[in-house]
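Let's take a walk through this protein together. Keep the sequence and the 3D view side by side as you read.

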Amino acid sequence: MILGSGPIVIGQAAEFDYSGVQACKVLREEGYEVVLVNSNPATIMTDPEFADATYVEPLIPEVVAKVIEKERPDALLPTLGGQTALNLAKALQEDGTLEKFDVELIGANYDAINRAEDRDLFRTCMEEAGLKMPKSTIAHTIEEAQSALPDLGLPIIIRPAFTLGGRGGGIARTEEEFQRMVQTGLDASPITQILLDESVLGWGEFELEVMRDHHDNVVIVCSIENIDPMGVHTGDSVTVAPQQTLTDALYQKLRDQAIAVIRAVGVETGGSNVQFAVDPVSEEIRVIEMNPRVSRSSALASKATGFPIAKIAARLAVGYALEEIDNDITQATPASFEPTIDYVVVKWPRFAFEKFEGADVSLSTHMKSVGEAMAIGRTFKQAFAKAMRSRELDTDAKLDGTLDELMTRLERGTSDRFDVLFEAFRQGASVEDVHARSSIDRWYLHELRELALDPEAPFAGSRQYKSVDTCAAEFAARTPYFYSGWERGEARHEVERGDRPSVVILGGGPNRIGQGIEFDYCCVHAAMTVRAADRDAVMINCNPETVSTDYDTSDRLYFEPLTLEDVLGVIEVEQPEGVIVQFGGQTPLRLAKGLEDAGVTILGTSVDAIDLAEDRGRFGDLLDRLGLKAPPYATAGNTPEAIAASEKVGFPLLVRPSYVLGGRAMEIVYDTANLEDYLRRTAKPGGDDTREIFLDRFLENAIEVDVDALCDGREVWVGGIMQHVEEAGIHSGDSACVLPPHSLGPEMLEEIRTQTTAIARELGVIGLINIQYAVHDGTLYVIEANPRASRTVPFVSKAIGVPLAKMASRLMLGEKLADLQLPADPMGGDHVAVKEAVLPFDRFHGSDAILGPEMRSTGEVMGVARDFPTAFAKAQAAAGSKLPQEGTVFLTVTDTDKSAAFAIGQQLHDLGFKIVATAGTAQAIRGMGVPVHEVLQKVGDGSPNVVDWIERGDVSLVINTPTGSGARSDGWEIRRAAVAHGVPCITTLSGGVAAARAIAAARAGDAEVLSLQELHPQRLGVA
């Protein structure tokens, strides 16, 4: 059995899909039956073809125990699913499940997991091995932490045990910060334990990826150096491989200590990540921590070196030795040969602070980035510049201010630190001045100063495509994995092409909110389909976390930025039959017009059709031609036009800029004052007010519907119709949705199919289309159409048992719908699937947890059951908001929801819950016969109020429909407290109704666990 990592969250992202897929592949090659458990439908690893039994179920002990009882695996491999899998394996060991069913823990045993993750045991383990750590103290209470403060001093590092991505930790620089962070860290740790570390801020930070086999052979796969000094989480740091600044003698000391760490902890087989702090003056070394598993850095190290850490870890776990495993890249050396690279790799984190107004944007040991990009170059400057242009930022860094102001900003880690650093150098700052403010190593500062002052210098000469070979060209590379470098003389490419035509697939670049792993899933399916069609699949992407950038996913992989210039460089070498731009989200779509203008063939839906769907005016004309309804809308070119247009369209309005991703800068406004405020906040800097603004009438209390369909230019097949659980106005990426729809009648479903067919045909779609509708007062309105892959494609594919992205790829390559043998009624199964979003509010202190038209979720989970309430309950549990079975519910709703709140209150009361409410809500539901246990004051009116109750642990569930998102409103405080204390917080009335039904269903009986292979036994042969 392999455990996945669950939904994409900050600190645990697509890298574990990559590692899980590798493990599934090699273990099945070795003849093992693989049982996979993961709650994330967007992953390749949960495709039924990668395991013998695939359970998309919540990753909680009681559910996984049911799968173990049903499948009876011989062994459990928990080292490929991040912190989630490790914690889950530990829980299954402690509750006796593994012993009861005779399941062996492999990869890392229980004691090794404890020694690495329990901060106290790890410190003892390091001391016994003769290794130094920062002076530290373990604390289980605020009082214990407070007593250690005089000895350790401020600033102080707080590290909770058994958490991921530094969750709950940070740097406390003041007494007030210390008190708050200690409590947060204790709450975050599943064993209520934190480590208080003396500060090593400003020291250099280094990571070593280490592999060990059961013969005690150990190899160092890769060294990684953080350009940011200690104090910024490595996931938020710009990092470099191999390390650049250590002397050979000092690097050898790090190697020796890393090997000592893995031996002392007792990780007998597989990979581990060991982190060190090095004093640049005294060269003293301190061990910071180790992960006894494949990690985020492991994925980076794998892509940087071509050494497949997860594949090798899986083989080591079942008994192989390093010397018995062949190197895939060279096919001439064993895995016991340490990789050597003759290029430089730079990883750059991708942040999403623009999505979380009011959030603290400073960086510390508490990870905040949502994705990353990687670049390879012949030199550090080439790699750094390529990585910088791979970020695909939605907003530019603010670089105004004096040189002194810029220098002050360099003193703390921020997402724009290197943009600021470049501007400081351009304004005349010296290396010594920048070093004094930032503690960044002088070697990097010299390189970055030269790059800032002459950004084109590293790119003199000709672009040449080089291969990644793991051995600095000592042996020939057999796996085609390439990057571009610039050298003098004529271009000499190391690309060797065969005779088959090639198809280029453009990936999605770094994960970010609105464009995540769902699109990588589609790109991987495209590569699989292209290869099956006797063509060479050529992948271009710059995201090291993903399956698409595994060297055996495609026939040729180019690790390159997704800019027009870089993509055209690859196309010049490849001369492909065509390019697929439908699957990587907005990133490749932005390049489509430039590619077409350069004479490149775009496969599938035409560029003009994509523009027709995106252009509000042209799309409105299309709907008029078809006689279809859309909410009233207008387009404005500046603020006065927008104000004038609002009177014609009518309030409430949904306002957005054109060509947005993930609802970026989209808001609902209720009057002219709201609109003026929105336009002021979203204006361009410098006073230029010219911009394209879309204004749509917002349909309140409507039901939103998502449709994914296939079209071959003429015929249309509707794969999935999803009804949102939340009302219209919540971004589709943040809304729970159910398939098949649970409250739309057959006539409305038929109308949806008819309108979808008409729109797809009129656009001339070849491949996938996603259309969003709203049902308002029995009328169907078209909200928008996207003639490309949507983020719901993996969910629908797993819910109906048909791989939509593969089917779309076949259409793009010339087949017709009639050739695909698709089921006539894809939603006709005997099960219900619910998709739920996973939100990162606990990472962004100060940000409101309200949902709206701008997407904020980082990932998703899926619940599958024979009925809707059970599927909804599973989805909530998988998302980390397991619904309570007893306790107290706090209910407060906006005035327009008060009459409907009775249904929720009545059902929860009948289930035995105590109801507490604010005065207005209490009066409304009492008047309809629902007892209210206690009326609580509003937050601003003193104590006791609901925040007091939440913080005391007296509330089990919060249902709070918002009345606004003012920075200090009651609603903000309630949602903040609920998020901080792990209390499920539902912010829509329909979500509250679904939760009440789900709690009732859970009371009625134990939900069965269902594999995808059981659900779709007839359809999984579709390919």
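Start with helix 11: among the things covering its buried residues are helix 1 (15–29), strand 10 (204–212), strand 11 (218–226), strand 13 (270–278) and helix 10 (296–305). Helices here are DSSP runs of H or I with at least four residues, strands are runs of E with at least two, and both are numbered from the N terminus. Buried means under 20% relative accessible area, exposed means over 50%, and partly exposed is in between (1.4 Å probe, protein chains only). Helix 11 spans residues 309–317, and nine of its nine residues are buried. Even K311 and R315 are on that buried list. Just after helix 11, G319 has a positive phi of about 115°.

A quick note on the source: this is a predicted model, where local features need pLDDT of at least 70, side-chain atom pairs count only at pLDDT 80 or more, and totals for chains, interfaces and linings use all residues. Residues are numbered from 1 along each chain as its sequence is written, and side-chain values use heavy atoms, leaving out hydrogens and water.

Now for the nonpolar cores, meaning sets of buried Ala, Val, Leu, Ile, Met, Phe, Trp, Tyr and Cys residues joined through side-chain atoms within 4.5 Å. The largest has 125 residues, and F583, L710, I752 and I759 have the most contacts inside it. A second, separate core of 35 residues includes A865, A901, I915 and A995.

What about disulfides, pairs of cysteine sulfur atoms within 2.5 Å? The count is zero. The sulfur of C711 is too far for a bond because the closest cysteine sulfur, in C522, is 17 Å away.

Key: Disulfide = S-S within 2.5 Å. Contact = heavy atoms within 4.5 Å.
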